[in-house]
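Here is a quick tour for someone meeting this structure for the first time. Have a look at the picture, then read on.

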Amino acid sequence: MQSNDIKNIVIVGGGTAGWMAAAALSKLLYADDINIRLIESEAIGTVGVGEATIPHILYFNRLLGLDENDFIRQTNATFKLGIEFVDWGKLGDSYIHPFGPYGFDMEGMHFHHLWLRQHKQGKAKPIDEFNLQILAAKAGKFMRDKPDMKGSPLSTIAYAFQFDAALYVKFLRNVAEKRGVIRKEGKITHASVNSDNGHVSSVHLENGEVISGDLFIDCSGFDGLLIEKTLKTGYDDWSHYLPCNSAVTRLSERLDDLPPYTRATAKTAGWQWRIPLQSRTGNGYVFSNQFISDEEALTTLNAGLDKAPTSDPRYLRFTTGIRKQVWNKNVVSLGLSAGFLEPLESTSIHLIQTAIARLMTNFPDKSFNQPDIDYYNARTRLEYEQIRDFLILHYKATTRDDSEFWRYCKDMAIPASLEQRIAIYKENARLYRHDNELFNHVSWFAVFHGQGIIPKAYNPIANQLPVYELDKRLEEIHKVTSKCLDHMPDHQSYLSRIIAES
Ligand SMILES: Cc1cc2nc3c(=O)[nH]c(=O)nc-3n(C[C@H](O)[C@H](O)[C@H](O)COP(=O)(O)OP(=O)(O)OC[C@H]3O[C@@H](n4cnc5c(N)ncnc54)[C@H](O)[C@@H]3O)c2cc1C
């Protein structure tokens, strides 16, 4: 090992971000002389939310070498096939943004172009009937993909998890501690900065202990103890695009039939989530306090619960946006200390995961090469901006004008990048995936179509297929998709078998 190598890593914070980082780093940096220490304060606690995920979490679990069934049992998890959006395009509407594709892409085109051709002819079956994830979600069914059934929609079922945030942290902590991560309990009062290079050199605990390090990973939550309070990095506020700045959360009794999906219902000044777990349901109203009061938000949340509440309400405030530099000097911020995008598409845990992967790719030595840091920051910003645009679409693509909040969203200025996407889609249904961004054409189509944006035309190449051939192919895909659904067990019994295995 070279003498310039990083030997001491200090993770500040033991929420989801801190323990995800600890679990991953302890797996990937296994040299004997690397110390990973994590400091957290039980008195301060964690944000305690963050329970819905997207399919990429499967890669994280695999990276850690976790047994998926054990993970499900220990985190009270359920399976998730997508998100149902209720009342977004207009009151009374509902659509599911699925994790897997509609039909099959053919003739060098995305499936939705061929479907739109039939749709324009007035004879298309509903698009949902070409998507196994949506059909299964609506029917309350689930099973894992069967990769050996090549060519069948059953070979590629895309799923994620809904789990208990506190149990997930406990689970990761166990993984990390077994691999040698040292946990320190205590409140950090302040940090010392090296006057030569401005790097953080140590953090000071309330009990007088001083912990020094080469690399600091700031997972201290919204306050950004090192990245902001110490290094004064600054923050870009995106509230003008995504005006929600508050949430009130509350647990309720478990649902009778566990739906394999998360639900996001648009309300007067935001939206309400419902996340079904094995033993209880997570709920929260994400709202803007510029448009309604905390009391009104709680009344709405309570009225929207499917079952009796089992906890007191909790309020949270946040500012949507991103740190000006998520990596500054020798401090890399992860999770809420790096930035915040509301949980409408369950992307925050994913952003922690990609940040860890990016940190590993650009892992520094003690010289902290600035071009590496600049690259890391630029890629992270791009990733946040791409997700931000996708979230904004949900608000912008509405015809709702029943409240001041929705009138604001309908009329608000949006980023030029999103304006361009909307204009292209409205004309000919073309959808692009820039720079391997998180959300692909399936996701963008789901929201555009689900919120009632009908394009004027579709890719003209779709007209080359003779009508009888198009009709035959779509009929076949439809038949196969519904047959696959018949093979799927219900979500509850699939889960029960996993739980009983222990
Ligand atoms: C309303 C809401 C809903 C969300 N829903 C989802 C979702 O469905 N899906 C999703 O992917 N994400 C969701 N998120 C985001 C998700 O909750 C976070 O990304 C995730 O929990 C990571 O949080 P964190 O670890 O960065 O911060 P925290 O959980 O706040 O952890 C901070 C840690 O730092 C420690 N700490 C802070 N200050 C000090 C100090 N001075 N000394 C010592 N320790 C200190 C704390 O004790 C704690 O351990 C949601 C967020 C919000 C606000």
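Which helix supplies the largest share of the shell around the ligand? That would be H9, with three residues.

## Ground rules

This is a predicted model, where local features need pLDDT of at least 70 and side-chain atom pairs count only at pLDDT 80 or more, while totals for chains, interfaces and linings use all residues. Residues are numbered from 1 along each chain as its sequence is written, and side-chain values use heavy atoms, leaving out hydrogens and water.

## Around the ligand

Helix H1 (16-28) and helix H9 (348-361) each give at least two residues to the shell. Helices here are DSSP runs of H or I with at least four residues, and strands are E runs of at least two, numbered from the N terminus.

## Helix H11

In H11 (residues 404-411), Phe-405, Trp-406 and Cys-409 are buried, meaning under 20% relative accessible area, with exposed being over 50% (1.4 Å probe, protein chains only). Seen down the axis of H11, the buried residues fall within an arc of 90 degrees (taken from the directions from the axis to the C-beta atoms), so they line one face of the helix. Glu-404 and Asp-411 are exposed on the face turned away from that buried side.
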